[in-house]
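Welcome! Keep the sequence and the 3D view side by side as you read, and look up each residue when it is mentioned.

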Amino acid sequence: MDIAVNLVETYLRLTGYLTLSEFEVQRRDRDGEFRTVTDVDIMAMRLPGSIYVGDAHTADEGDLLLLEDPVLELEDDCIDVIIGEVKQGEADLNPGITDHVVLHSMLRRVEWIYDEPLSEVVRQLQDHFTHFSPARGGGRVRTRIVAFGRAPVSGLNVITHSHVVSTLLRFFDEHEAAFRPIQFKEPAPAFLRLLLKAGFSIDRNGGFDE
């Protein structure tokens, strides 16, 4: 897996998202032949609710609240669906990610959450990159296209790698006792944990200090 995709997927999983990564989207032509339209780097879905480092079974044990990140702009009673492009450089979108076939193919995997036709969700995403839909059974679904990479600031449709790294390091540092027993096998989180164990910290500009 691409190291940048691995980094972003770790960030999304720890903030409560269910993820798919590096997914090839196929189109069937009129002659019956299949071809790859594009690779979707990351797709993620987060249901409403808090995420905890550990599960406290009784009230006197206390709750270990995990990973509140304001940049994600999560809303109460709202499912968040992300279709993401991950770049090692500038946070640019591959034009293929806004292709109707690509968006429709990916969103069909979570079609059951929408209480409106997917064609309308796709059309709005193509025009605006973010769309709110009624959720089946109540509440709302926010669907958005997000570029991950290098950018001046993070926002609803762009999240910088520097923010992802600094957020993960903060989580690992603040909840060291909870993360200590976890053996990260994937390269991105394992390397960040190694940096912390070696005594490095990250400054406000995204650089490392020993």
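In helix H1, the buried residues are Ala4, Val5, Asn6, Leu7, Val8, Glu9, Thr10, Tyr11, Leu12 and Leu14. That makes ten of the twelve residues of H1, so this helix is mostly covered, given that buried means under 20% relative accessible area. Please bear in mind that this is a predicted model. The points below begin with H1 and then move on to other parts of the chain.

**Helix H1 and its ends**

- Helix H1 covers residues 3–14, and Glu9 is one of them.
- How far apart should the ends of H1 be, at 1.5 Å a residue? Its twelve residues should span 16 Å, and the end C-alpha atoms are 17 Å apart, which agrees.
- After H1 comes Gly16, which has a positive phi near 105 degrees.

**A buried glutamate**

- Is Glu9 buried or exposed? Its relative accessibility is 2%, so Glu9 counts as buried.
- Which side chain does the side chain of Glu9 touch in a polar contact? The partner is the side chain of Thr19, at 2.7 Å.

**Where two helices meet**

- Two packed helices are described by the angle between their axes and the distance between the axes.
- For H1 and helix H6 (residues 187–197), the angle is about 75 degrees and the axes are 7 Å apart.
- Angles from 65 to 115 degrees count as roughly perpendicular, and H1 and H6 are therefore roughly perpendicular to each other.
- On the H1 side, Ile3, Asn6, Leu7 and Thr10 take part in the meeting, and on the H6 side Pro187, Ala188, Pro189 and Leu192 do.
- An α-helix has 3.6 residues a turn, so residues three or four places apart point the same way.

**Strand S7 and its partners**

- Strand S5 (residues 78–90) pairs with S7 in the parallel sense, over ten bridges. Here Glu90 stands opposite Arg150 of S7.
- Strand S6 (residues 130–134) runs antiparallel to S7, and five bridges join them. In this pair, Pro134 stands opposite Arg140 of S7.
- The hairpin of S6 and S7 has five residues between the strands, and Gly137 in this hairpin takes a positive phi near 90 degrees.
- Strand S8 (residues 158–160) is parallel to S7, with three bridges in the pairing. Thr160 in S8 is the bridge partner of Gly149.

**Helix H4**

- Helix H4 (residues 161–174) has 14 residues, and from first C-alpha to last it reaches 20 Å, close to the 20 Å expected at 1.5 Å a residue.
- Its buried residues include His161, His163, Val164 and Val165, along with Phe171 and Phe172.

- Most residues other than glycine have a negative phi, and most peptide bonds are trans.
- Glu22, in strand S1 (residues 18–28), has a positive phi near 45 degrees. Its relative accessible area is 40%, so Glu22 is partly exposed.
- Glu73 also has a positive phi, near 50 degrees, and its place is in the loop between strand S4 (64–65) and S5. With a relative accessible area of 39%, Glu73 is partly exposed.

Note on methods: Residues numbered from 1 in each chain as written. Predicted model: local features only at pLDDT ≥ 70, side-chain atom pairs only at ≥ 80, totals over all residues. Heavy atoms only, no water. Pairing = 2+ DSSP bridges. Helix = DSSP H or I, 4+ residues; strand = E, 2+ residues; numbered from the N terminus. Buried < 20%, exposed > 50% of the residue type's maximum accessible area, 1.4 Å probe, protein only. Polar contact = N/O pair within 3.5 Å; in protein donor to acceptor, adjacent residues only side chain to side chain. Expected span 1.5 Å × (residues − 1). Axes fitted to C-alpha atoms, helices over the stretch in contact; angles between N-to-C directions. Parallel < 35°, antiparallel > 145°, perpendicular 65-115°, else oblique. Contact = heavy atoms within 4.5 Å.
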